Number of protein chains: 2
Amino acid sequence: MTRPDPSPLAFVPFVSVANMMRLVNATGTESFISELAGYIEEDFRRWPDFDKTPRLASHSRDGVIELMPTADAENYGFKYVNGHPKNTREGYQTVTAFGVLASVATGYPILLSEMTVLTALRTAATSALVGRYLAPKGAQVMAMIGNGAQCEFQALAFRALCGIDRLRLYDTDPAATQKARRNLAARGFTVVICKSAQEAVEGAEIITTCTADKQYATILTDNMVGSGQHINAIGGDCPGKTELHPDILRRAEIFVEYPEQTRIEGEIQQLAPDHPVTELWRVIRGEAPGRSSAEQITLFDSVGFAIEDFSALRYIHAKIGGTDFCEPLDMLADPDDPRDLFGMLERAR
Amino acid sequence: MTRPDPSPLAFVPFVSVANMMRLVNATGTESFISELAGYIEEDFRRWPDFDKTPRLASHSRDGVIELMPTADAENYGFKYVNGHPKNTREGYQTVTAFGVLASVATGYPILLSEMTVLTALRTAATSALVGRYLAPKGAQVMAMIGNGAQCEFQALAFRALCGIDRLRLYDTDPAATQKARRNLAARGFTVVICKSAQEAVEGAEIITTCTADKQYATILTDNMVGSGQHINAIGGDCPGKTELHPDILRRAEIFVEYPEQTRIEGEIQQLAPDHPVTELWRVIRGEAPGRSSAEQITLFDSVGFAIEDFSALRYIHAKIGGTDFCEPLDMLADPDDPRDLFGMLERAR
């Protein structure tokens with residue numbers, strides 16, 4: 001039973017923030033997002049194969065900490081993620097995250113990864129994937145209300161998947177807009193800075209809202225949204241935190257990830273619990289219509305679901321095999337004899 | 001906003017298996033268990049302060065993967081743990097685990113730790129802490145049925161906290177018993193090897209059952225348990241997995257960690273859902289009686305609860321401050337400007 005070296009089973013590949021950034025940059029951000037969207041689309045197509053549960057949230061005065069698990073027959077994955085809007089005032093981030101992919105057969109983790117960067121990429125990849133099914137054909141202009149950490153990722157994703165290359169930016173904080181303009185102009189976008197949300201949405205085929213205040217906010221009012229627009233609502237993602245006036249919701253065809261979770265956390269927390277919504281996986285499988293006319297207002301009430309993180313972890317796991325974008329982490333005990341954990345401890349003396 | 005180096009916020013202290021073993025051995029296993037039991041006792045005393053939920057379990061054909069979160073006003077903690085009884089046949093362990101402690105105020109993780117070794121220690125520490133409240137006074141002899149990975153830790157914990165120094169071992173697999181005898185004799189215990197569970201319990205004041213089969217088993221039948229004994233039932237810890245004949249449960253005073261979870265996972269899954277049980281935290285606070293007579297049969301129906309893991313993480317976090325028993329892990333992105341996650345990625349190119 002003696003092994004010359006600790007078995008590979010004892011080690012879990014770990015993707016640090018530095019390695020994630022290396023991997024994204026080596027792949028190219030837009031290619032990375034496109035490939036990741038492919039994994040997400042694949043998993044949406046086999047949606048019924050997953051164990052699904054609303055995320056397990058622990059709320060406190062200043063924020064929330066969540067665990068988001070899901071599993072198919074082969075893999076189990078979960079993400080740890082926090083949301084603390086006040087954090088930025090003290091130089092912390094609003095959202096940090098990490099995740100684990102494991103083998104269902106043995107229960108052993110097979111990947112530990114940073115997910116702060118990866119969540120930003122998967123959120124954008126999901127939005128743009130959904131945009132490909134719901135946005136008006138030939139869309140070129142996107143309004144972006146809220147120019148924080150998620151903004152540039154959304155822009156790159158919508159260019160990679162939907163062909164958007166003109167952006168209209170607005171944020172209550174002009175410094176955030178300047179930051180986004182700088183980053184996006186350097187990436188070849190045509191950027192218009194707007195003085196209000198009202199101005200930003202003019203002439204836009206797609207409206208992306210990604211603000212961060214933890215409150216009922218009204219980023220968009222009913223009069224601001226015109227026929228044929230697609231709304232990509234990112235920021236309303238926990239109880240008591242919404243971005244859209246309920247009148248918009250009543251005029252729009254609403255698409256959601258997992259209704260059980262979205263009714264608690266999304267824009268539709270403002271509506272009756274039986275208000276009709278369409279599950280995106282049905283649209284992607286061709287079992288439900290997406291956009292059905294040029295005049296229709298479509299709304300993706302995005303809250304983020306565990307399966308998207310699972311897809312992201314699965315993608316990273318496939319990418320890092322045989323590369324140096326990860327390092328082995330001594331996270332699992334591996335006694336010579338599995339029943340002799342104590343002997344392993346004694347021999348380490 | 002520019003920082004010369006990544007802020008300490010970007011790094012999470014990580015305790016690897018190797019460092020956990022170094023820490024345990026540097027502290028001394030019995031001292032470590034005693035100190036850890038002190039943290040567990042402290043947290044049991046302030047039980048109402050915690051957010052509590054039954055663990056989130058994902059069951060599959062061969063095992064289970066669980067997330068066990070809890071929080072007080074200051075810290076949030078969770079453990080990932082699997083249970084795969086068939087694993088040992090392939091050289092894997094039945095149980096592996098790791099855990100995270102985080103700040104409630106910011107949502108940032110402040111500790112990532114292996115918990116395979118640590119779980120074995122906290123399970124034993126909890127058992128012996130409970131034993132101190134429930135076992136007959138002056139107990140010296142413990143029967144141990146099931147001589148797998150948990151066995152030696154239980155023995156050391158019961159010596160450190162309750163003064164047990166004589167052990168009667170039985171396992172269906174004689175090799176497991178030989179392994180335990182070897183390890184425990186080297187630690188100064190008087191060990192008797194028994195040919196049956198029946199023989200093992202003779203003359204024992206405490207009976208510890210820690211077997212691992214995922215099934216309804218009958219390790220102890222009613223006739224084997226005599227008046228005044230304390231039963232420390234460790235192995236019955238998931239739906240469909242029990243160790244004791246229900247007649248024993250009906251004769252015993254039953255003590256549990258968190259009834260909502262124990263009724264699903266513990267021995268008492270065999271009883272009516274309203275069968276009376278006593279919560280241990282009430283006993284430890286002096287609000288409910290523990291052992292009330294020398295003749296009483298007491299039973300700790302142990303399944304393991306998230307607060308014990310929280311205590312263990314809190315203990316490790318306190319121990320590692322300023323030491324080299326941990327290493328910094330680049331797990332959290334830390335952009336100069338928290339709203340400029342994309343800029344951080346661009347500058348890494």
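Buried, as used here, means under 20% relative accessible area, while exposed means over 50% and partly exposed lies in between (1.4 Å probe, protein chains only). This is a predicted model, where local features need pLDDT of at least 70, side-chain atom pairs count only at pLDDT 80 or more, and totals for chains, interfaces and linings use all residues. Residues are numbered from 1 along each chain as its sequence is written, chains are lettered from A in the order in which they are written, and side-chain values use heavy atoms, with hydrogens and water left out.

**Chain A overall**
- You'll find eleven helices and 17 strands in chain A, counted as DSSP runs (helices H or I, at least four residues; strands E, at least two) numbered from the N terminus.
- Of its 349 residues, 63% are buried.
- Along the principal axes, the C-alpha atoms of chain A fill a box of roughly 70 × 45 × 40 Å.

**How the copies pair up**

**A look at helix α5 of chain B**
- Helix α5(B) covers residues 174–185, twelve residues in total.
- A176(B), T177(B), K179(B), A180(B), N183(B) and L184(B) are its buried residues.
- Seen down the axis of α5(B), these fall within an arc of 160 degrees, so they line one face of the helix; the arc is that of the directions from the helix axis to the C-beta atoms.
- At the start of α5(B), a side-chain oxygen of D173(B) comes to within 2.9 Å of the backbone nitrogen of A175(B).

Note on methods
The expected span of a helix is 1.5 Å times one less than its number of residues. A polar contact is a pair of N or O atoms within 3.5 Å; within protein, one must be able to donate a hydrogen and the other to accept it, and residues adjacent in sequence count only if both atoms are side-chain atoms.
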